[in-house]
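Here is a short briefing for a first look at this structure. Keep the sequence and the 3D view open while reading.

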Amino acid sequence: MIVIKNVTKTFPGGITAVHDISLHIAKGETVGLIGANGAGKTTLIKLICGLYLPTDGYIRVFRENPFRGKNFGRKAGENLIGLVTGQVITDGYNYHFGHGSALLQEDLTLALNLQLIKSIYRIPKEAYRQRLAALLPKLGLQEQMHYRVHQLSLGQRMKAEVAAVLLFQPALLILDEPFIGIDVAAREKIRDILQEIAREKETTVILTTHNVEELERICDRAILIDHGQIVYNGSFDRLKKSHIGLNRMQMIFEGMPPDLQDFPIKHCCIENNMLTLDYDSSIVSSKDLANYLLSHGKAVDIFIQKPTVEDIIKEMYKEDHHADNANSEKHH
Amino acid sequence: MTRYLSFAGIKFRSKMAYRFDYVLGILNTLLSFVVYWSIYKALYNGASEVDGVTFSMVTTSFLISLGLSAAFHKNEMFLQDKIKQGTIANELLKPVNFKLRMLFEDMGEGAFHVVFNFLPTVIIACFFAPIQAPSGARDVLLCLVSVILGYVVLWEISFIVQSWSFTLFSVWGLITIKNVMVNILAGAYIPMWFMPDWLRSAIRFTPFDSIYFTPVQLYLGELGGKEIVFHFARQLFWITALWAVGEYFWRSGIKKLVIQGG
């Protein structure tokens, strides 16, 4: 189990990236971390990995303090945490849109890289052979074994990183933006493997991505972070239900759309001949609204959408920022 | 230990794939040797010795230095690249000592250069240049031990310079200065015999002559019993001292990383 209690991380210069976060993650749970750029996701991950010293608070990963002192001396056989990062990395001069996990070495072939992983993490020969035989076909990497890592495409590389991290079977697997710049086919393969892990419930997984739909398919729980604080922590279902009322209707008309009169609509927009309405279905029923529009204008086409998790999150951010603005105005 | 040896072994194996690279490497090493040999041939102009140093001593000394600079491989931008890419943190998650892993990786690459660049050069050079045979089997053995110690001394100097990447934007300049100093003061280009006395006695107080010159002297059988012990002791002293300095820089760099982020 991962226990995070009142953890704060303030960097010199006064930026508080993580502010008083408390969190529990059970063994075998698959958790999705959601947040905009700069919300504090990566800082939180580095704190969990023990790569940052918390300014305040308490972190335990499987009863161990992940922060191992300043020289990072590690005992042999400690392969508790596996970290895969898929973020844009920079060498100070150029930006590489690539994956900066450091799990694989650029100038080595994939085969040699995996052998290196085998000896660093002391994987027994037989186990190594079996895991490799299971992983490679699943990820479709057999053909890439004799390529150097820098020759691999982004998607192949990410798959290779996932293979590398799964070879040593960490108790906690952290994937930070693994889907950046990756095509649908590769994404599907990675997702399949992650879903399998989630089903087996042996590995605890923390996943961050901008793609909320992806998270919803894989994760048991969503944690929303904004400005270094948790704004939502619970199931995706509850997240949806709490905002379930919010619907969107789009109708295309011949000529001008009709006047809406006094329907209590949340948001309305007309673009060319298309009318887009966001409304709360507990206040206005979709049926009444559609009937009214159909009888007052010449409709060509109609769409009604339930909100996606992504929309809900956008909405929550908006609310959060409104609250923030209101607060700061009060202070003035 | 097997972990670190596999870092070296895998580096060695991966280098073998670049075949064209090592043909060029041989050419490069051979060319430097021929240039140097020609210059000294002209300088000696048929004389059998200058200041008690024979032509074959100079040539042999240079050949050994050349071999050592091939063997003494170090990836000097390694730490800076890791820090700039932000992957240093992830490196720390691996259950290995970062410094040792770096050392062994460089050694693996060095071993490759010795086998595939230096040894062919020696064989070719023997056909036309007066290469002195080692003074005895014992000297060869002692020379090999001091080569390894000398390498660690050189590697630690490089690591200390590299650890400045935690504070500086680029350590390239520092590394260049360091390399010029090492090449001149350690006697890689001009054998110590030809240096002015004041400079030689000054260098004696620095780690530089432990790097190339001690192995050369051992190979040529120039050192007596007591001197051998003294030279080994000095190499070990520098290894310990430089390791401590490197460790201090490393730890303060990591401390910065852990508190200030990176």
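The points below cover domains, sheets and helix packing.

This is a predicted model. Chain A is divided into three stretches of interest: domain 1 (1–80 + 172–239), domain 2 (89–169) and domain 3 (245–306). Helix pairs from chain A and chain B follow.

**Domains of chain A**

- Domain 1 of chain A is made of two segments, 1–80 and 172–239.
- Domain 2 of chain A covers 89–169, and domain 3 covers 245–306.
- The C-alpha centres of domain 1 and domain 3 of chain A are 40 Å apart.

- Strand E1 (residues 2–11) of chain A runs antiparallel to E2(A), and seven bridges join the two.
- Within this pairing, A:Lys9 stands opposite A:Val18 in E2(A).
- E1(A) and E2(A) form a hairpin, with three residues between them. In the turn, A:Gly13 has a positive phi of about 110 degrees.

- Six bridges link strand E12 (residues 246–253) of chain A with E15(A), in the antiparallel sense.
- A:Phe253 stands opposite A:Ala299 in E15(A).

**A helix pair in chain A**

- Helix H3 (residues 125–139) and helix H4 (residues 154–167) of chain A cross at roughly 160 degrees, and their axes come within 10 Å.
- Because of that angle, H3(A) is roughly antiparallel to H4(A).
- The crossing of H3(A) and H4(A) is right-handed.
- H3(A) contributes A:Arg131, A:Leu135, A:Leu136 and A:Leu139 to the contact. H4(A) contributes A:Lys159, A:Val162, A:Ala163, A:Leu166 and A:Leu167.
- The residues of this contact of H3(A) with H4(A) divide into seven nonpolar, no polar and two charged.

**Helix pairs in chain B**

- Helix H7 (residues 137–162) and helix H11 (residues 225–260) of chain B pack at an angle of about 25 degrees, with axes 9 Å apart.
- That angle makes H7(B) roughly parallel to H11(B).
- H7(B) passes H11(B) in a left-handed crossing.
- Residues in the contact include B:Leu142, B:Ser146 and B:Leu149 of H7(B), and B:Ile228, B:His231 and B:Phe232 of H11(B).
- The residues of the contact of H7(B) with H11(B) divide into 16 nonpolar, five polar and one charged.
- Helix H1 (residues 2–15) and helix H6 (residues 98–128) of chain B cross at roughly 35 degrees, and their axes come within 7 Å.
- The crossing of H1(B) and H6(B) is right-handed.
- Among the residues in contact are B:Tyr4, B:Leu5 and B:Phe7 of H1(B), and B:Leu100, B:Arg101 and B:Phe104 of H6(B).
- The residues of the contact of H1(B) with H6(B) divide into ten nonpolar, two polar and five charged.

Technical notes. Residues are numbered from 1 along each chain as its sequence is written. Chains are lettered from A and ligands numbered from 1 in the order in which they are written. This is a predicted model: local features need pLDDT of at least 70, side-chain atom pairs count only at pLDDT 80 or more; totals for chains, interfaces and linings use all residues. Domain bounds come from an automatic or database domain assignment. Two strands pair if DSSP finds at least two bridges between them. Helices (H or I, at least four residues) and strands (E, at least two) are DSSP runs, numbered from the N terminus. Axes are lines fitted to C-alpha atoms, for helices over the stretch in contact, and angles run from 0 to 180 degrees between N-to-C directions. Angles under 35 degrees count as roughly parallel, over 145 as roughly antiparallel, 65 to 115 as roughly perpendicular and the rest as oblique. A crossing is left-handed if the near helix is turned anticlockwise from the far one by less than a right angle, and right-handed if clockwise. Two residues are in contact if their C-beta atoms, placed from the backbone, lie within 7 Å. Ala, Val, Leu, Ile, Met, Phe, Trp, Tyr, Cys and Pro count as nonpolar, Asp, Glu, Lys and Arg as charged, and the others, Gly among them, as polar.
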